[in-house]
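The structure is shown first, and the discussion follows it.

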Amino acid sequence: MVHLKTPEELQRIRESAAILGKAHAEVARLIRPGVKTKVLDERAEEVIRDMGAIPSFKNYRGFPACLCISVNEVVVHGFPGSHELKDTDIVSVDCGVQYKGYHSDSAYTYPLEKVSQPVLDLLNRTLDALYLGIGQARKGNRVGDIGFAVQSYVEQFGYGVVRELVGHGVGKSLHEDPEVPNYGKQGKGSKLVAGMVIAIEPMINMGTRGVVQERDGWTIRTSDRKPSAHFEHTVAILDDRTEILTTHEELETCYEYKWRSKSR
Ligand code: MG
Ligand code: MG
């Protein structure tokens, strides 16, 4: 069942998203070679709790941390831990915040400074695909329009679109209906109506679309062990426009390596 949000509920999700943006920014300041991924998690939790909010992921169905940190071939749901980032790594940081009972959810994949151009291309194109998907997320369109926009764009580069994991509604629950796949057919799927809040989150693999789950029951990695990129925004479908509720602006300001401009 899809829960449509009232203007008051939307305002709470905006506030939640503002806190989330600050948490991402504080994590971005720390990303550099040699940092352990658990340090990023500890900082995010501190920032979120200091602002009176709750990390959505911690203890969600038993997830042990505040961030999902997914390095290189890990697609999503990686555990923060003792891995020290290397200058050739890419690292996806996915975070959710609950504030006044409402969640927001966003993710960003950072390249460290010696990541190769083909992998930078994967990140740039996955981020472009996120915005192409958001461009289709408007009243009167259907969920399949979003998936089609993402899939048709990235597949021209030979990339694989992960099928097993999808975007989702966001609100009082972290994961609500509808499901928002990153593949699909134009004009198919649930209709998008004003008041819907959804997370759009392309997970795009350099190689095959196949993924496997590690024995920890959470970590999802590519079956060919090639890298995977993940970017996510929570957006609201409104009567006259679509509002991107979460932000990457602050984290991009705080991250030292200005990869996005360099690689264009
Ligand atoms: Mg997320
Ligand atoms: Mg999500």
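In this predicted model, the charged end of Arg125 sits over the ring of Phe157, 3.8 Å from the ring centre. A charge is taken to sit over a ring if NZ of Lys or CZ of Arg is within 6 Å of the ring centre and within 35 degrees of the ring normal. Likewise, the charged end of Arg163 is placed over the ring of Tyr183, at 4.7 Å from its centre.

The model is predicted, so local features need pLDDT of at least 70 and side-chain atom pairs count only at pLDDT 80 or more, whereas totals for chains, interfaces and linings use all residues. Residues are numbered from 1 along each chain as its sequence is written, chains are lettered from A and ligands numbered from 1 in the order in which they are written, and side-chain values use heavy atoms, with hydrogens and water left out.

**Aromatic contacts**

Nine aromatic pairs are found in a search of the whole structure. Rings of Phe, Tyr and Trp (its six-membered ring) pair if their centres lie within 6.5 Å; planes under 30 degrees apart count as stacked, over 60 as edge-to-face and the rest as tilted. Two of the pairs share Phe157:

| Pair | Geometry | Centre to centre | Angle between planes |
|---|---|---|---|
| Tyr153 and Phe157 | edge-to-face | 5.2 Å | 80° |
| Phe157 and Tyr159 | tilted | 5.7 Å | 40° |

Phe157 is partly exposed, with a relative accessible area of 29%, while Tyr159 is buried at 8%. Here buried means under 20% relative accessible area, exposed over 50% and partly exposed in between (1.4 Å probe, protein chains only). Elsewhere, Tyr108, Tyr110, Phe231, Tyr255 and Trp259 form one aromatic cluster.

**Helix 4**

Tyr153 is also one of the buried residues of helix 4, an element of residues 143–155. Helices (H or I, at least four residues) and strands (E, at least two) are DSSP runs, numbered from the N terminus. The expected span, 1.5 Å times one less than the number of residues, is 18 Å for the 13 residues of helix 4, and its end C-alpha atoms are 18 Å apart, which agrees. Ten of the 13 residues are buried, so that helix 4 is mostly covered. Its buried residues pack against helix 3 (117–136), strand 6 (160–161), strand 8 (176–180), strand 9 and strand 10, where contact means heavy atoms within 4.5 Å.

Donors are N, O and S atoms within 2.8 Å of the metal (3.2 Å for Na, K and Ca); water is not among the atoms, so sites may look incomplete. Asp105 lies in strand 5 (residues 102–111) and Glu232 in the loop between strand 13 (228–230) and strand 14 (233–237), so this pair ties together parts that are 127 residues apart in sequence. Both Asp105 and Glu232 are buried.

The magnesium ion (ligand 2) is coordinated at 2.1 to 2.2 Å by Asp105 (OD), His168 (NE2), Glu201 (OE) and Glu232 (OE). Its donors follow the spacing D-x62-H-x32-E-x30-E along the chain. Glu201 counts as buried at 6% relative accessibility. Asp105 bridges the magnesium ion (ligand 1) and the magnesium ion (ligand 2), which lie 3.1 Å apart.
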